[in-house]
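Here are my notes after going through the model, jotted down point by point. Have a look at the structure first, then read on.

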Amino acid sequence: MYKRQVHDGAGNGAVVVNAHGADGDRLLLESAPFEVLEGAIALAAAVDAAEVILYASAADTDAVETALEAIAAHPDPTVPLDVVTGPAEHRAAEPTMAIEAVEGNHRLEARITPPGPEEFGLHGRPTLAHLAAALREDDVPATRVVTVSGDVGTPATVELPESATLDAAVDAVDADEEVKAACVGGRFGGVTRDL
């Protein structure tokens, strides 16, 4: 639905890849920048967007440098590609907050919706934001990236099948004691005892 709204919206649309704040998104940008770029370019082509912007924390220097190198080495981008950095603090989890940061606003607040970013996004243009997925070759089953942190020996980011439980993610780390609850969905998520 959102892709159609961006495609049919007034003005040249944009794709904003929000790799700020989530360990999995940062890791994906650091380790597989061409997959991120190819996924964003394909999405831009599908919605007829005029540009792709990768948004990351200024503190994530490896991710930013890797993304810039990947853009410079891309053989034939069909849309302009750019990297924009935001403050080191994680303040742009919600898609419209990332758009606010890319626009250069210092007070990052979620925009009141409607209209959503697919209608009134980056500089008033239709925008798809908060993309953390990329294209892959072959028929790969659906997966998700999960980061386990908190009272663990070493935090870890793992890719799990979409149907896997959170127990599988916890198995990737040495928990200091029995896990009593988990915060799911980042800062704006909820707490669950059922893993």
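1. Let me start with α5, which is mostly covered: seven of its eight residues are buried. The buried set is made up of T96, M97, A98, I99, E100, A101 and V102. Keep in mind throughout that this is a predicted model.

2. The residue I'd click on in that helix is E100, which sits in α5 (residues 95-102). Its relative accessible area is 14%, so E100 falls under the 20% cut-off and counts as buried. What does the side chain of E100 make a polar contact with? The partner is the side chain of R111, at 2.6 Å. Leaving aside residues up to four places away in sequence, E100 touches N105, L108, E109 and R111.

3. Just past the end of α5, have a look at G104, where phi is positive at about 95°.

4. Further along come two cis peptide bonds worth checking by eye. One runs from T113 to P114, with omega near -5°. The other joins P114 and P115, and omega there is about 0°. P114 lies in the loop between α5 and β4 (127-129), and P115 is found in that loop too.

5. Next, positive phi outside glycine. H123 has phi near 50° and lies in the loop between α5 and β4. With a relative accessible area of 52%, H123 is over the 50% cut-off and therefore counts as exposed. D48 also has a positive phi, near 60°, and is found in the loop between α3 (33-47) and β2 (49-57). D48 is exposed as well, because its relative accessible area of 53% is over 50%.

6. Now the helix pair. Two packed helices are described by the angle between their axes and the distance between the axes. For α2 (residues 23-31) and α4 (residues 61-73), the angle is about 40° and the axes are 8 Å apart. The crossing of α2 past α4 is left-handed.

7. As for who makes that contact: α2 puts in R26, L29 and E30, while α4 supplies D62, A63, T66 and A67. Sorted by class, the contact of α2 with α4 has three nonpolar, one polar and three charged residues.

Notes:
Residues numbered from 1 in each chain as written. Predicted model: local features only at pLDDT ≥ 70, side-chain atom pairs only at ≥ 80, totals over all residues. Heavy atoms only, no water. Helix = DSSP H or I, 4+ residues; strand = E, 2+ residues; numbered from the N terminus. Buried < 20%, exposed > 50% of the residue type's maximum accessible area, 1.4 Å probe, protein only. Polar contact = N/O pair within 3.5 Å; in protein donor to acceptor, adjacent residues only side chain to side chain. Contact = heavy atoms within 4.5 Å. Axes fitted to C-alpha atoms, helices over the stretch in contact; angles between N-to-C directions. Left-handed = near helix turned anticlockwise from the far one by under 90°. Nonpolar A, V, L, I, M, F, W, Y, C, P; charged D, E, K, R; others polar.
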